[in-house]
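Colleague: Could we go through this model together? I would like to begin with the ligand.

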Amino acid sequence: MQLHIQTPLIKSEPLSQVSGKNIWLKMEALQPTGSFKNRGVCFACQEVVKQGAQALFSSSGGNAGIAVAYAGRKLGIPVTVVVPETTSAKAIELLKNENAKVIVHGESWQEANELIQTLTGDGKVFIHPFDDPLVWQGHGTMIDEIHQAGLKPDAVILSVGGGGMLSGVGDGLKRNGWQDVPLLAIETEGAASFNQAIKANQPIELNEITSVATTLGAKRVCQQAFDLSKQLSVQSILVSDQQALNACRQFLSDHRVLVEPSCGASLSIAYDHAEKLKDFENIVIIVCGGVTATIEQINKWQLGLREPGFPPARE
Ligand SMILES: *Cc1c(COP(=O)(O)O)cnc(C)c1O
């Protein structure tokens with residue numbers, strides 16, 4: 001059983017026009033759970049179940065947790081997701097829709113994660129949202145598909161949270177003999193753990209996450225993502241929350257698909273930073289998707305309205 005679909009790779013006329021380049025979209029927003037997590041996270045679930053796992057655990061109230069819940073439902077395996085009190089009602093509803101048991105515990109991701117550690121072991125397996133070779137292996141299939149389509153891009157644009165997607169895309173480039181393709185690794189200013197790692201020449205822990213792009217809010221990137229920055233050509237670029245939010249709204253109007261600010265960050269390179277693309281002609285943007293932000297939420301954030309205690313850091 002394959003728990004992800006082959007997604008469309010389409011040339012975007014609106015983004016090509018606005019940037020003056022050929023912009024191709026890899027439409028991961030169309031995966032069954034609304035993000036690319038169907039590829040790597042679901043693959044990791046499938047592999048551990050093959051190895052005997054009888055229950056799956058996640059501490060992600062976002063797209064990774066939803067993907068674990070989806071995999072569990074498809075595989076007939078119970079899933080428990082422990083999330084902090086800051087998790088939105090919408091995210092909890094999405095998890096419950098996938099039949100996951102949801103435990104709300106603690107003020108931050110840290111406490112939720114500590115509880116998980118006491119619940120796992122002995123056939124009860126924790127699925128890490130980004131720092132796992134199985135997750136990277138599965139995410140790499142998006143590059144396999146672009147390779148099969150016969151479109152070798154001059155650059156690939158993608159968002160970086162904990163660095164699982166970056167690691168997977170790196171894996172995919174290597175196994176297809178495309179290690180010469182440059183990557184543009186995009187984060188918002190308030191969630192810049194990869195950018196800071198590049199500057200410090202090692203992964204370091206951010207003090208806090210201040211971006212509305214909570215899906216990018218891993219305080220530290222995985223070592224693999226950092227190592228890749230040495231092996232491939234990876235350029236780290238920061239955009240503002242406003243640019244990410246603008247891109248979400250513009251993309252909804254241009255392509256009728258709603259994505260999270262974590263994905264808007266990558267799209268904003270075509271809308272607002274075409275100067276970063278001057279060396280390239282054919283560019284693929286990974287439209288990574290995301291389902292936890294509504295358009296009402298995006299509009300509110302744009303007006304600078306935030307809930308108390310927001311944004312919650314993922315870890
Ligand atoms: C998970 C996710 C990211 C970040 O991916 P990492 O593997 O944590 O770097 C970005 N955007 C969306 C929509 C996601 O679901």
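Modeller: Let us start with a term: a polar contact is a pair of N or O atoms within 3.5 Å; within protein, one must be able to donate a hydrogen and the other to accept it, and residues adjacent in sequence count only if both atoms are side-chain atoms. This is a predicted model, in which local features need pLDDT of at least 70 and side-chain atom pairs count only at pLDDT 80 or more, while totals for chains, interfaces and linings use all residues. Residues are numbered from 1 along each chain as its sequence is written, and side-chain values use heavy atoms, with hydrogens and water left out.

Colleague: How far is the polar side-chain atom of Asn-63 from an oxygen atom of the ligand?

Modeller: The distance is 3.0 Å. A backbone N or O atom of Gly-163 lies 2.8 Å from a ligand oxygen, and for Gly-164 a backbone N or O atom is 2.9 Å from one.

Colleague: And how much of the ligand does the protein bury?

Modeller: The protein buries 100% of the 380 Å² that the ligand exposes when taken alone (Shrake-Rupley method, 1.4 Å probe).

Colleague: New topic. How many salt bridges are there?

Modeller: The structure holds ten (a side-chain nitrogen of Lys or Arg within 4 Å of a carboxyl oxygen of Asp or Glu). One of them joins Lys-26 and Glu-145, with the closest N and O atoms 2.7 Å apart.

Colleague: Why does that pair tie together parts that are apart in sequence?

Modeller: Lys-26 belongs to strand S2 (residues 22-26) and Glu-145 to helix H7 (residues 141-148), so the pair links parts 119 residues apart in sequence. Helices (H or I, at least four residues) and strands (E, at least two) are DSSP runs, numbered from the N terminus.
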